Amino acid sequence: MAIEGYRMAALGEFTGREIGVSGWVEVDQHKIDEFADCTGDRQWIHVDVERARRESPYGGTIAHGYLTLSLAASMTIEAGAIPPDAAAALNYGLDKVRFMAPVKAGARVRNHLVLLSVEEKGPGRVLIKVQNTIEIEGEAKPALGAESLAMLMTGAA
């Protein structure tokens, strides 16, 4: 849900401000296994529940860092980072990604968003940079921090 006044023409007014917080998303073992199947990253610390219970310093399996990072996209949209009057928003890349704490299987995460910058890129195009801080429920340290870039389009290009 976007905050009041958060529109394409007013983006600059929101620089440096929190623009949204997503709902909680559970990262269960099924989601971790599906990500492993999709990517081919089947390291035991992610998919071998019994071995992870015995040998992992975390007491069980953990999500892939890239799984947690990939959740940022949908959580960003849900939290309202894309102004309602944008005709389209295209993923433009990432800056300064840091994985700070593991996400244990069964944990819930959510994304806190701060608008870092707004840059006009020509008629009908605006590049925004958003700080993503993915919090783990009940943990002091976030799972990750990343600056995401999105190219916003108006209807006129």
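Student: Where does Gly106 lie?
Tutor: Gly106 is in the loop between β3 and β4 (107-120). Strands here are DSSP runs of E with at least two residues, helices are runs of H or I with at least four, and both are numbered from the N terminus. Keep in mind that this is a predicted model: local features need pLDDT of at least 70, side-chain atom pairs count only at pLDDT 80 or more, and totals for chains, interfaces and linings use all residues. Residues are numbered from 1 along each chain as its sequence is written, and side-chain values use heavy atoms, with hydrogens and water left out.

Student: Is Gly106 exposed, partly exposed or buried?
Tutor: Partly exposed, because its relative accessibility is 39%. Buried means under 20% relative accessible area, exposed means over 50%, and partly exposed is in between, using a 1.4 Å probe and protein chains only.

Student: What is Gly106 in contact with, leaving aside neighbours within four places in sequence?
Tutor: Glu26, Val27 and Asp28. Contact means heavy atoms within 4.5 Å.

Student: How far is Gly106 from His30?
Tutor: They are 76 residues apart in sequence, and 9.4 Å apart in space, C-alpha to C-alpha.

Student: OK, strand β3 now. What about Lys96 in β3?
Tutor: Lys96 lies in that strand. It has a positive phi of about 50°, although it is not a glycine. Lys96 counts as exposed because its relative accessibility is 59%.

Student: And Val97, where is that?
Tutor: Also in β3. Val97 is partly exposed, since its relative accessible area is 22%. Not counting residues up to four places away in sequence, Val97 touches Leu69, Gly145 and Ala146.

Student: How far apart are Val97 and Leu152?
Tutor: Their C-alpha atoms are separated by 21 Å, and the two are 55 residues apart along the chain.

Student: Switch to β6. Is Glu147 buried or exposed?
Tutor: Glu147 is found in β6. It is buried, because its relative accessible area is 10%.

Student: Which residues is Glu147 in contact with?
Tutor: Again leaving aside neighbours within four places, the list includes Gly93, Leu94, Asp95 and Lys96. Leu116 is there as well, and so are Lys129, Val130, Gln131 and Asn132.

Student: How many residues line the largest pocket?
Tutor: 21, counting those with an atom within 4 Å of a point. Ala73, Thr76, Asn91, Ser148 and Leu149 lie nearest its centre. The elements giving two or more residues are α4 (65-78), β3 (88-99), β5 (125-136) and β6 (144-153).

Student: Which one gives the most?
Tutor: α4, with six residues.

Student: What classes are in the lining?
Tutor: There are 15 nonpolar, six polar and no charged residues. Ala, Val, Leu, Ile, Met, Phe, Trp, Tyr, Cys and Pro count as nonpolar, Asp, Glu, Lys and Arg as charged, and the others, Gly among them, as polar.

Student: At what angle do α1 and α4 pack?
Tutor: About 100°, with their axes 10 Å apart; α1 covers residues 29-39. That makes α1 roughly perpendicular to α4, a label for angles of 65 to 115 degrees. Axes are lines fitted to C-alpha atoms, for helices over the stretch in contact, and angles run from 0 to 180 degrees between N-to-C directions.

Student: Which residues meet there?
Tutor: Lys31, Ile32 and Phe35 in α1 meet Tyr66, Leu67 and Ser70 in α4.

Student: Last one. How many helices and strands does the chain have?
Tutor: Four helices and six strands. Of its 157 residues, 39% count as buried.

How values were computed. 1 Å grid on protein atoms, 1.4 Å probe; cavity = no way out; pocket = protein on both sides within 12 Å on 5 of 7 lines; lining within 4 Å. Parallel < 35°, antiparallel > 145°, perpendicular 65-115°, else oblique.
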